[in-house]
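Hi,

Here is the structure I promised to pass on.

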Amino acid sequence: MTGETLRGSCLCGEVTYEVHAPFLRFAHCHCARCCKATGSAHATNLYVPPGQFSWTSGTDSVVRFDLPSAKSFATTFCGRCGSPLPHHTRSGREIVVPAGSLDDEPSLRPRGRIFWDSRRSWTCPDDRLPRHSEYADWW
Ligand SMILES: [Zn+2]
Ligand SMILES: [Zn+2]
């Protein structure tokens, strides 16, 4: 998996980026904030060290929102089409990549579902992935 490079972009194509393996984590998050930020039943994020991420176009259109009431929750999106884009955590230690913005197929698969206890009642039916009421022990 080392050496794997994945390309990603927003819906309108203005913003593009690249991330390089090895990746830190890949998981579905069912917390209420991720539901709001994605408009969906969960977020699916890939985590990478900051040195393995770079914008390849459209950085002027990247808009970041740090949720004031949260310790670290943030979201980033294209100012033109509004679709979610990667962002660094407030600690700066990791980049959170919304997996749906990837254009290439990652060889890694999600490892689990976190914040399962906060899930919407209408979320997708459960699969065989391990569920964690909040963070997983491998987080
Ligand atoms: Zn866009
Ligand atoms: Zn979440």
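First, some ground rules. This is a predicted model, so local features need pLDDT of at least 70 and side-chain atom pairs count only at pLDDT 80 or more, while totals for chains, interfaces and linings use all residues. Residues are numbered from 1 along each chain as its sequence is written, chains are lettered from A and ligands numbered from 1 in the order in which they are written, and side-chain values use heavy atoms, with hydrogens and water left out.

**The fold**

Starting at the N terminus, the order is β-β-β-α-β-β-β-β-β-β-β. Its radius of gyration, taken over C-alpha atoms, is 15 Å, close to the 14 Å from the globule rule (2.2 Å times the number of residues to the power 0.38), so the protein is as compact as a globular protein of its 139 residues. The C-alpha trace spans about 40 × 35 × 25 Å along its principal axes. Of the 139 residues, 45% are buried (under 20% relative accessible area; exposed is over 50% and partly exposed is in between, with a 1.4 Å probe and protein chains only).

**The open sheet**

Five strands make an open sheet with mixed pairing, in the order β8-β9-β4-β3-β10 (two strands pair if DSSP finds at least two bridges between them). At the edges are β8 (87-88) and β10, each with a single partner strand, so each has one side without a neighbour in the sheet. Strand β3 (residues 25-29) runs parallel to β10 and is joined to it by two bridges. In that pairing, Cys29 sits opposite Ile114.

**The two zinc ions**

Cys29 turns up again at a metal site: together with Cys31 and Cys34 it coordinates the zinc ion (ligand 2) through SG atoms, at 2.1 to 2.3 Å. Donors here are N, O and S atoms within 2.8 Å of the metal (3.2 Å for Na, K and Ca), and since water is not among the atoms, sites may look incomplete. The spacing of these donors along the chain is C-x1-C-x2-C. Cys31 is buried at 11% relative accessibility, and Cys34 is buried at 8%.

What holds the zinc ion (ligand 1)? Its protein donors are the SG atoms of Cys10, Cys12, Cys78 and Cys81, which lie 2.3 to 2.4 Å from it. They are spaced C-x1-C-x65-C-x2-C in sequence. The four donor atoms subtend angles of 105 to 115 degrees, so the arrangement is tetrahedral (for four donors, all angles between 85 and 135 degrees). Cys10 is buried at 5%, whereas Cys12 is partly exposed at 33%.

Thr76 lies in β7 (residues 74-78) and is buried, with a relative accessible area of 3%. Beyond its neighbours within four places in sequence, Thr76 has contacts that include Val62, Arg64, Pro84 and His87 (contact means heavy atoms within 4.5 Å).

Trp139 comes in the segment after β10 (113-114) and is partly exposed at 30%. Leaving out neighbours within four places, Trp139 touches Arg25, Ala27, Tyr47 and Ile114. Trp139 and Ala27 are 112 residues apart in sequence, with their C-alpha atoms 9.6 Å apart in space.

Cheers

Terms used:
Tetrahedral: all angles 85-135°; square planar, octahedral: opposite > 155°, others 65-115°. Helix = DSSP H or I, 4+ residues; strand = E, 2+ residues; numbered from the N terminus.
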